[in-house]
Amino acid sequence: MENKIKVSIIGGSGYVGGEALRLLLAHPFVEVVQVTSESNIGKFVHIVHPNLRKKTKMKFTSINDLQKVDVMLLGLPHKVSSEKIESLSEYADKIIDKGGDFRLNTIEDYKKWYNYDHPNPEFLDKFVYGIPELHREEIKNAKYVAAAGCNATATILGLYPLYKNNLIEHGKTVVEVKGGSSEGGNKPSLGSHHPERKDVLRSYKPTGHRHMAEALQELKTDTIHFSATSTDLVRGILATSHVFLKEPLEDKDIWKIYRQEYSDEPFIRIVKERHGVYRYPEPKILAGSNYCDVGFEKDPHSNRVVIMSAIDNLMKGAAGQAIQCMNIMCGFDEETGLEFPGLHPI
Ligand SMILES: NC(=O)c1ccc[n+]([C@@H]2O[C@H](COP(=O)([O-])OP(=O)(O)OC[C@H]3O[C@@H](n4cnc5c(N)ncnc54)[C@H](OP(=O)(O)O)[C@@H]3O)[C@@H](O)[C@H]2O)c1
């Protein structure tokens, strides 16, 4: 127990907070000391997160009642983290924010994509963008990490090897992201009400999705055409990206590029089988795991490549990625507490 770090989860009644708690209760080097929720103060956490029954006897506390910890995980709605960051930072040596308030580098980008005047812009420089596969060395030494958006994570990890190697025709990339309902958090709305949501395949953001700003920033480009569609899944994201190659490359060349970038990455699997049902990435079998599965296929009749990348939005798209970042920041093995491979069949 003495060697364990103390961690608190702020916004712990939410879907991301609950997933972080599930993972951290099993983490060998972590003691969770506080889980906050303003609407459930004093209630056992298992009342809200029934999967954690008999795993902990903790009760929710208020954000106004914080203790000093080594690491604080924020699972708060947009704008709340950025408004509270100064006071929160007094209670933690390291902070990992799961929300979008510190992911973009400039106040101009917040104005453009969120139509929002950032209340604490001096913190933007202090946060490192939290995709370990792109920023591992910076995350190692970071005090503050802004874990990436879920749709952004799937998109960026799918496209990164081709963008990094400058192989893509500028301005022609089209990304279609299909996501599950838990992306929207646990507050009910008409759109999430069962009769309105069940069996849905609904265009959610055909243009102007905020996560696009992260993809542009991280892939160092100024144009990607991005659409988001809501599906009947509870967990899961599949990003299908269409890119056009500058030079003739075949599947085997593209394999080499992806292998070079990702073969040492513990949470990225290249999925491209000749036979069987599971020839390409599929979010269903990733539920509860921290993997991002990436596959691709070159169109034999054109210079188009289709890249498929799948994640669990609450894991590699949220709590799992945040804990991967925490492990790196604290010098733990990166995979600690994230070993669950998912279920099959499910
Ligand atoms: N869901 C996903 O797949 C996903 C993926 C990546 C990133 N994210 C981001 O992660 C964050 C959390 O998402 P979520 O899906 O877990 O949302 P959620 O289910 O709505 O949970 C939000 C949490 O914040 C607390 N909260 C709300 N307003 C508050 C306030 N003013 N002060 C203190 N606490 C407050 C809520 O509890 P009380 O209302 O009881 O206080 C709850 O615990 C969001 O920024 C979201 O964009 C979500």
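Reader: Which strands does α10 lie across, and at what angle does it run to β6?

Author: α10 lies across β1, β3 (69–74), β4 (92–97), β5 and β6. Its direction makes about 155° with β6. This is a predicted model, in which local features need pLDDT of at least 70 and side-chain atom pairs count only at pLDDT 80 or more, while totals for chains, interfaces and linings use all residues. Residues are numbered from 1 along each chain as its sequence is written.

Reader: What makes a run of residues a helix or a strand?

Author: Both are DSSP runs, numbered from the N terminus: a helix is H or I over at least four residues, and a strand is E over at least two. Helix α1, for one, covers residues 15–25.

Reader: How do you know which strands are at the edges, β2 and β5 among them?

Author: Start with the order. This open sheet has 6 strands, β2-β1-β3-β4-β6-β5, with parallel pairing. Two strands pair if DSSP finds at least two bridges between them. β2 (30–35) and β5 (127–130) each have a single partner strand, so one side of each has no neighbour in the sheet. Neighbouring strands are turned by 25° against each other on average, direction ignored.

Reader: How do you know that β1 and β2 pair?

Author: Strand β1 (residues 5–10) is joined to β2 by 5 bridges. The rule asks for at least two, so they pair. The two strands run parallel. I9 has V35 in β2 as its bridge partner.

Reader: What does α5 touch on the sheet?

Author: α5 packs on the sheet and touches β5 and β6 (144–147). Its direction makes about 150° with that of β5. Contact means that the C-beta atoms of two residues, placed from the backbone, lie within 7 Å.

Reader: Why is the crossing of α5 and α10 called right-handed?

Author: A crossing is right-handed if the near helix is turned clockwise from the far one by less than a right angle, and left-handed if anticlockwise. The crossing of α5 and α10 is right-handed. Their axes cross at roughly 35° and come within 9 Å. Axes are lines fitted to C-alpha atoms, for helices over the stretch in contact, and angles run from 0 to 180 degrees between N-to-C directions.

Reader: Which residues of α5 and α10 meet?

Author: P132, R136, I139 and K140 in α5 meet Q324, C325, I328 and M329 in α10. By class, this contact has 5 nonpolar, 1 polar and 2 charged residues. Ala, Val, Leu, Ile, Met, Phe, Trp, Tyr, Cys and Pro count as nonpolar, Asp, Glu, Lys and Arg as charged, and the others, Gly among them, as polar.

Reader: What makes the pairing in the sheet of 7 strands mixed?

Author: This open sheet runs β8-β9-β7-β10-β13-β12-β11, and its pairing is mixed. Strand β7 (residues 174–179) pairs with β9 (residues 225–230) in the parallel sense over 6 bridges. β7 also has 6 bridges to β10 (residues 237–244), and there the strands run antiparallel. E176 shows both sides: it stands opposite S227 in β9, and its bridge partner in β10 is T240. β12 (residues 292–298) and β13 (residues 304–311) are antiparallel over 6 bridges. The edge strands, β8 (202–205) and β11 (268–270), pair on one side only.

Reader: How do you know that the ligand lies between domain 1 and domain 2?

Author: Domain bounds come from an automatic or database domain assignment. It gives domain 1 (5–148 + 318–330) and domain 2 (151–311). Both give residues to the shell around the ligand, so the ligand's shell lies between them. A residue belongs there if its C-beta atom, placed from the backbone, lies within 6 Å of the molecule. There are 31 such residues, and the closest are G11, G14, S39, G99 and G185. The shell has 9 nonpolar, 18 polar and 4 charged residues.

Reader: How many residues of domain 1 and domain 2 are in contact?

Author: 17 residues of domain 1 touch 17 residues of domain 2. On the domain 1 side, α4 (107–114), α5 (132–140) and α10 (319–330) each supply at least two residues. The centres of the two domains, taken over C-alpha atoms, are 25 Å apart.

Reader: What is the phi of K79?

Author: K79 has a positive phi of about 85°, although it is not a glycine. Most residues other than glycine have a negative phi. K79 is in the loop between β3 and α3 (80–89).
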